[in-house]
Amino acid sequence: MIVAFGTYDAARHPRAGILVAGLRAHRHTVAELNHPLGFSTAERVRMLRQPWRLPLLLLRLLACWALLVRDDVAHRRAHGAPDALLVGYLGHFDVVLARLLHPRTTVVLDHLVFAADTATDRGTTGLRVTLLRGLDRLALACADVVVLDTDEHRAMLPDPSRGVVVPVGAPDAWFRAARPVPDGGSPAGQGALRVVFYGLFTPLQGATVMAEALADALPRAAATGREIEATLVGHGQDHAAARALLDGVPGARWLDWVEPDALPALVAGHDVCLGIFSDTPKGLRVVPNKVFQGLAAGCVVVTSDTAPQRRQLGEHLELVPPADPAALADRLLALTDRDRLAAARARAAAARDAVRPGAVVGPLDAALAARGVRP
């Protein structure tokens, strides 16, 4: 038996749920001992900039850990020791507790983000980044197997031989949300090309690049009689700058928040899902959630032409150079041609099986088998 362990929140961050579903698809028995901490990645980064908020994090973490220890004792009494523990996304602290509770059990850490790398990408500097590097090292030292999402992140490990690359993947809800597309039309049956972007408007996502491209593409499309409608969902660091670039541009709709359960259906109602467009160091190393989710929802995905995105899904994506709003605008205009859109949609649809939980978790299943953990 494998125990998925920690304070992860699969509703906000679906990665843990994808790994659990994928392992179950490989016939592993997976139990979950989970008490979500309740803080988003953005809130955790905000705490780093406002250290007086850290006691709240510590108090909540200790409360969740008390529940995890209680549940772990009860689970071991009922089922015995697990064959492996899977510590979910944002488990930098949880993996320490997992190791203390199970010193001789295989511990798998889903190290989807390096804490110091994420903080640096969002503008944090100095001593706080140094401390976060120490946290990364501590977390990695507690794990036997480290799960990363790209080869580039695996290469950042002190010992890459302990790393296993498991692409991000998409939850089943995104596949269920996909809609049939009328001939020559969008999922909503409208003539305009419907484009969606959602996220935290971080530098990694290149939100200002995206906004500048839309500010160019929307008026040009309208002038040719091939309209583009853009829905932009979320809020965050670069939101104000992105919104200013699109101020007064017809065809842009802004939504500050969509509930996670409603997001797959909203995205599936569009023709094109936008990925990431920055040329920051982190932006060049990742394949983001929205690339996998957009493909699962039946969208054409337009994103940056980076090594990991090209390697994992390149033939199924519409790739544009990073940090190049003109190239992105031109690609969106090209997709207003319905024949071009239909061909792109067919390439995207061919990737859907490859981004399911069972497919992406294959390398982790093999790594567990090598350590004697089998269904």
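Author: We will take helix pairs, then cysteines, then one glycine. This is a predicted model, where local features need pLDDT of at least 70, side-chain atom pairs count only at pLDDT 80 or more, and totals for chains, interfaces and linings use all residues. Residues are numbered from 1 along each chain as its sequence is written, and side-chain values use heavy atoms, with hydrogens and water left out.

Reader: How is a pair of packed helices described?

Author: Two packed helices are described by the angle between their axes and the distance between the axes. Axes here are lines fitted to C-alpha atoms, for helices over the stretch in contact, with angles from 0 to 180 degrees between N-to-C directions. Helices (H or I, at least four residues) and strands (E, at least two) are DSSP runs, numbered from the N terminus. Take helix α9 (residues 207-223) and helix α14 (residues 325-334): their axes come within 8 Å and cross at roughly 40°. α9 and α14 are therefore oblique to each other (under 35 degrees is roughly parallel, over 145 roughly antiparallel, 65 to 115 roughly perpendicular, and the rest oblique).

Reader: Which residues of α9 and α14 make the contact?

Author: With contact meaning heavy atoms within 4.5 Å, α9 contributes V209, M210, E212, A213, L214, D216, A217, R220 and A221, while α14 contributes P325, L328, A329, D330, L332 and L333. By class, this contact of α9 with α14 has 11 nonpolar, no polar and four charged residues (Ala, Val, Leu, Ile, Met, Phe, Trp, Tyr, Cys and Pro count as nonpolar, Asp, Glu, Lys and Arg as charged, and the others, Gly among them, as polar).

Reader: And how many disulfides does the whole structure have?

Author: A disulfide is a covalent bond between the sulfur atoms of two cysteines. The search, which asks for a pair of cysteine sulfur atoms within 2.5 Å, finds zero in the whole structure. C64 is in no disulfide, and its nearest cysteine sulfur, that of C142, is 19 Å away, too far for a bond.

Reader: Are C64 and C142 buried or exposed?

Author: Buried means under 20% relative accessible area, exposed over 50%, and partly exposed in between (1.4 Å probe, protein chains only). C64 is buried at 7%, and C142 counts as buried at 10%.

Reader: Where is G88 found?

Author: G88 sits in the loop between β3 (84-87) and α4, and is buried, with a relative accessible area of 6%. Leaving aside neighbours within four places in sequence, G88 is in contact with F5, Y8, A16 and D110. G88 and D110 are 22 residues apart in sequence, yet 5.5 Å apart in space, C-alpha to C-alpha.
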